[in-house]
Amino acid sequence: MKTHFIAIGGSAMHNLAIALKDKGYQVTGSDDAIFEPSRSRLEKKEILPQEMGWFPEKITSDIDAVILGMHAHQDNPELARAKELGLKIYSYPEFLYEQSKNKTRVVIAGSHGKTTITSMILHVLNFHQKDVDFMVGAQLEGFDCMVKLTQDNDFMVLEGDEYLSSPIDLRSKFLLYQPNIALMSGIAWDHINVFKTFDDYIEQFRKFVASITAGGVLVYNEEDPEVVKVVENAENYFRKIPYKTPEYEINNGKVYLKTEMGDVPLSVFGAHNLLNLEGARHICRQLGIMDEDFYEAIMSFKGASKRLEKVEREDKGTLYKDFAHAPSKVKAAVKAFKEQFKNEKKYGFLELHTYSSLNPIFLEQYDHAMDGLEEAIVFYSEDALKIKRMEPISPEFIKEKFKNENLRVFTNAEDLHAYWNTLDKTNGVYLMMSSGNFGGLDLTK
């Protein structure tokens, strides 16, 4: 099969391209910019475009599938040529469904926790050498590529994102998967640039539940009232399995899960991660993994990339980075950090980086998000606001929305870096929350 990727360099797209190359497909692609690690991975598989840009002449009538990434625009010249030739154009999720429509599809959805839960499931399955197809949005220890597609596997585990499928397909990605087994971890308004009201956002999850196949299974977080409402109001038939935060305790900085089989030591911390773990356990049960085997495997799970991930520093300071970019994620990460490090001085750094996080309406949801930290710092770039064509935001406005008078606010990278360099990283513990990089800050030094 001959496939061509428009915007092959994306974090999800390049993994799919590699998976198809490994499957024996003929793969080509284009992009206007490709960064690491995508560049090196594509180059290793000999599918890195020779030059950057869009080339309509690459689109030929013998291509079986054109896969369109969100990074491309509606007026992309390669897309225009594909339409002209009448080629089949897929979004990323649409193509994944085509590859898995004869398998049992397991889809993990939710505003927060879905990457971690998917990663936990794959870790357990990999530990017990149970082979499945999969797609997950973060790098996981023990996996070279975060998409796997085979002819023979019976199951496919998919991280289900509610964001748009492609520039020409404005459906939420997870609506294309039609799960046989699903999980919903929580609902907290996100992607405000696309879903203008909270009800618009919730509607995507209503549709997701409605897309579960007849007689399927939904594992859901019974502690989230929005999730419960969606599940209770669903009209289609499926089996409902609720889950909640399990009992645990912290002894000498180590988290122990309380189970019928005794205390299980874990390598992750935070109540939200224990809740994620419980959801993963119920999904693994559906895949034939007994609880005893689940606990044996989960002890060695160290977390998904950038989800309370410990950074190895030259000075041996204690620093964790987290992808937290929405209010609910920030609050969960800060709560976990405060619980884990009760006796240390806690520094929390948050970069407001995404369109949503910089929206004045959305900022309301950050109230008290960084309370309880001895030092709380928020950084956003005034230049980023200009690039996004957004109105200026004052530091005073940020403090007001966070409801934290002691908040330090930086609006340019140079000042942030200067402050960072004054800190003794071996004194206290540090939580760095961003989907960016704090203006190029090196967290290892």
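**From a hairpin to a sheet and its helices**

Strand E15 (residues 254–259) and strand E16 (residues 262–265) run antiparallel and are joined by four bridges, where two strands are said to pair if DSSP finds at least two bridges between them. Helices (H or I, at least four residues) and strands (E, at least two) are DSSP runs, numbered from the N terminus. Within this pairing Leu-257 has Val-264 of E16 as its bridge partner, and E15 and E16 form a hairpin with two residues between them.

The model is predicted, so local features need pLDDT of at least 70 and side-chain atom pairs count only at pLDDT 80 or more, while totals for chains, interfaces and linings use all residues. Residues are numbered from 1 along each chain as its sequence is written, and side-chain values use heavy atoms, with hydrogens and water left out.

Turning to the sheet, seven strands make up an open sheet with mixed pairing, in the order E7-E6-E8-E5-E11-E12-E13. Strand E7 (147–148) and strand E13 (238–243) are at its edges with a single partner strand each, so one side of each is left without a neighbour in the sheet. Strand E5 (residues 104–109) pairs with strand E8 (residues 155–160) in the parallel sense, over six bridges, and one of the residues involved is Thr-104, whose bridge partner in E8 is Phe-155.

Helix H5 (residues 114–127) packs on this sheet and touches E5, strand E6 (133–135), E8, strand E11 (181–184) and E13, contact meaning heavy atoms within 4.5 Å. The direction of H5 makes about 160 degrees with that of E8; axes are lines fitted to C-alpha atoms, for helices over the stretch in contact, and angles run from 0 to 180 degrees between N-to-C directions. Helix H7 (residues 225–232) lies across E11, strand E12 (216–221) and E13, and runs at about 155 degrees to E12.

How do two helices pack against each other? Helix H8 (residues 271–286) and helix H9 (residues 291–298) pack at an angle of about 135 degrees, with their axes 10 Å apart. H8 and H9 are therefore oblique to each other, given that angles under 35 degrees count as roughly parallel, over 145 as roughly antiparallel, 65 to 115 as roughly perpendicular and the rest as oblique. On the H8 side the contact is made by Leu-277, Ala-280, Arg-281, Cys-284 and Arg-285, and on the H9 side by Asp-291, Phe-294, Tyr-295 and Ile-298.
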